[in-house]
Each structure stands twice: as C-alpha cells, then as structure tokens.
Amino acid sequence: MKKNRNRNFTFRLDLIIIFIVILLGPAIGLLISKTDLLDKIELLKILKPEVAVHEQILLNPNHKIFFSSTKSTDLEVLLEQVGLDYSKVLNLENLSNLNLLSLPKDLSTIEPTSRRKKIFLSSILPLIVNSNLEILNHRKALCEAIKKNDYEKKQIIAKKYNIDLSTIEKLMIDDTLIRHIDAIPISLALSQAAVESGWGTSRFALQGNALFGQWVWNESKGIKPKLASDKNAVVRKFETLGESVKAYLLNLNTHFAYSAMRAKRKRNCSQKKLISGFVLANWMGNYAITRDEYIKTLRLVIKTNKLELLDDLI
C-alpha cells in the first residue's frame with residue numbers, strides 16, 4: 001500500500017512541477033529578456049537565438065513607390081530618401097520607381113524657384129520613363145510581328161493606339177505602325193509638362209492632375225478655363241498624374257496634328273538611337289497657338305535645365 005501511495009504522490013508532484021513551469025516560464029523568460037543576463041551568464045547563452053545580420057537593402061528601381069501629399073516638404077524628403085534627383089540620374093538602374101499620384105498643393109510656395117523646379121522634374125521623370133518603356137515594349141513586339149509577318153499581332157498592337165488597319169493600304173501598314181508607335185524623348189516630355197502646368201502649380205495640374213493642358217469637349221471630363229474661345233472646351237482632368245502622362249504620349253503618337261513630328265522622329269526597327277527632344281521640339285508648333293514662341297520656350301527649358309542628358313535613359 002505504501003508503494004502505491006508513493007507513486008501517486010510522485011505523479012502528483014510531477015504535475016505540480018509541470019504546472020509551475022507552464023505558469024511561470026513565460027514570465028521568467030520575459031524578465032530575463034529585459035536584462036543582459038543572457039550575455040553575462042555563459043550557461044544561459046545557449047538560450048539566446050542566433051540571428052543572421054544582413055546589410056541594409058536599398059530601394060530597388062523595380063519596386064514601385066506610390067506617394068501623394070499636400071505638402072511639398074514631404075515630397076522633397078521622400079526624393080532625398082530614395083536618392084531621386086533628375087540632374088544626377090545616369091541610367092535606369094539608379095532611377096527610383098516613384099509613382100507620384102498628385103502634386104502637392106503648396107508647390108508654388110517653395111522658394112527659390114530652382115528648388116521648386118528640382119522637385120517637379122525629379123517627381124515627374126519616373127512617370128515619363130515608365131510610360132515610354134511601355135510604348136517601347138509595344139514597339140519591340142511590333143518589330144517581331146513585322147519580322148514574322150504576323151498580321152494578327154500587328155492588329156492587337158494597333159488597337160492600343162486606336163489605329164484601324166482596315167483603313168490602311170496593306171503595303172503601308174508596317175510603315176504606319178512604325179511611325180506611330182515609338183517613345184517621346186524624355187527632355188521634350190519634361191519640358192512640355194513644365195510649360196503646360198506652370199511647373200506643377202497651375203489650377204489644372206493641382207485640381208485635375210493635368211500636366212499637359214489637353215483639351216476635351218465634354219464638361220464632365222474636365223475643368224473649365226476662365227478664358228476660352230470655345231465655351232464647350234475644358235481641360236481634361238485625370239485620376240492620377242500617371243494617367244495624364246499616358247494620355248499625352250498617346251495624343252502625340254496618334255493625333256493628325258503631330259504627323260510631321262512623327263515623320264521626323266521615325267526610325268526603323270534596327271535603329272536604336274531616338275531623336276533628341278531639343279531637335280524634335282522644332283516640330284511641336286501645333287501644340288500651342290503661339291507656335292514658334294512655344295518652340296523657343298520648350299528648347300529654352302530643355303537647354304537651361306540640361307534635360308537633353310536624360311534622353312539616353314531610353
């Protein structure tokens with residue numbers, strides 16, 4: 001009988017010990033973690049987990065950063081953090097993939113002017129590069145389709161640019177597509193964004209993300225100008241700045257008013273070098289009623305801010 005009692009007592013003692021460990025273990029562990037006991041007592045060092053220490057991973061150009069703020073200083077801090085300065089971008093590898101959704105409302109208050117321009121150009125640059133790269137991917141697919149004489153593929157690409165191949169002579173299809181589907185020089189796009197939006201401070205840019213002053217004849221789709229020769233004309237508004245950039249590039253690649261510009265820009269599939277924005281600006285007179293003065297202004301913006309150096313990015 002004694003033996004059975006001892007066994008029962010031992011069994012109960014084990015349960016008590018287990019219960020105490022379960023109950024107090026986490027608390028003891030927490031207390032130890034708040035001290036340096038794990039470092040001071042050799043025996044306890046085995047309880048300290050090994051952690052692999054890695055070097056800091058910097059932002060990769062392939063990682064898209066979506067950002068929007070009403071304060072220019074917030075945007076300026078972000079640009080510094082990701083190392084985005086339009087004047088120092090040498091290649092696509094060191095260009096941060098910033099997707100600025102809208103411009104800060106107080107951008108016009110930033111002084112001096114050079115600081116405001118730097119914020120604007122640095123922020124818009126990735127949007128223009130990304131949209132141009134998308135076009136160049138379409139162009140690459142087009143060149144492959146031309147090489148293989150793949151009509152169906154040509155048709156799919158043509159639809160993206162609102163081109164109806166059934167209205168084009170068969171012998172002219174390839175030439176037409178090559179002229180319409182190509183990038184716009186970065187320097188030209190940046191200069192037009194700056195001029196048309198007042199360096200990002202215009203009412204249309206701030207209220208409607210309209211960087212390029214594109215007109216539309218539907219009041220529900222735009223912002224009414226204070227002075228306009230056509231009462232039905234409004235400046236087209238967009239959900240984001242990126243949409244404005246894409247619409248601008250599509251406009252230049254498709255509208256009949258810029259057919260001379262496209263003819264000047266034309267290059268075949270084997271040519272890698274794209275015409276410079278400074279040169280192509282000479283064919284942008286149709287974009288504004290001031291025509292020659294407008295061209296001079298674009299070229300001045302390109303030259304003064306050394307934007308032509310960015311053309312080699314794509």
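What follows goes from the aromatic pairs to a helix and its surroundings.

This is a predicted model, in which local features need pLDDT of at least 70 and side-chain atom pairs count only at pLDDT 80 or more, while totals for chains, interfaces and linings use all residues. Residues are numbered from 1 along each chain as its sequence is written, and side-chain values use heavy atoms, with hydrogens and water left out.

The structure holds 5 aromatic pairs (rings of Phe, Tyr and Trp, the last by its six-membered ring, with centres within 6.5 Å; planes under 30 degrees apart count as stacked, over 60 as edge-to-face and the rest as tilted). Tyr248 and Tyr287 form an edge-to-face pair, because their ring centres are 6.4 Å apart and their planes stand at 70°. Since Tyr248 belongs to helix H9 (residues 241-254) and Tyr287 to the loop between helix H11 (277-280) and helix H12 (292-304), the pair ties together parts that are 39 residues apart in sequence; helices here are DSSP runs of H or I with at least four residues, and strands runs of E with at least two, numbered from the N terminus. Tyr248 is buried, at a relative accessible area of 0%, and Tyr287 also counts as buried, at 13% (buried means under 20%, exposed over 50% and partly exposed in between, with a 1.4 Å probe and protein chains only).

Helix H9 is largely enclosed by the rest of the structure, because 10 of its 14 residues are buried, among them Leu241, Val245 and Leu252.
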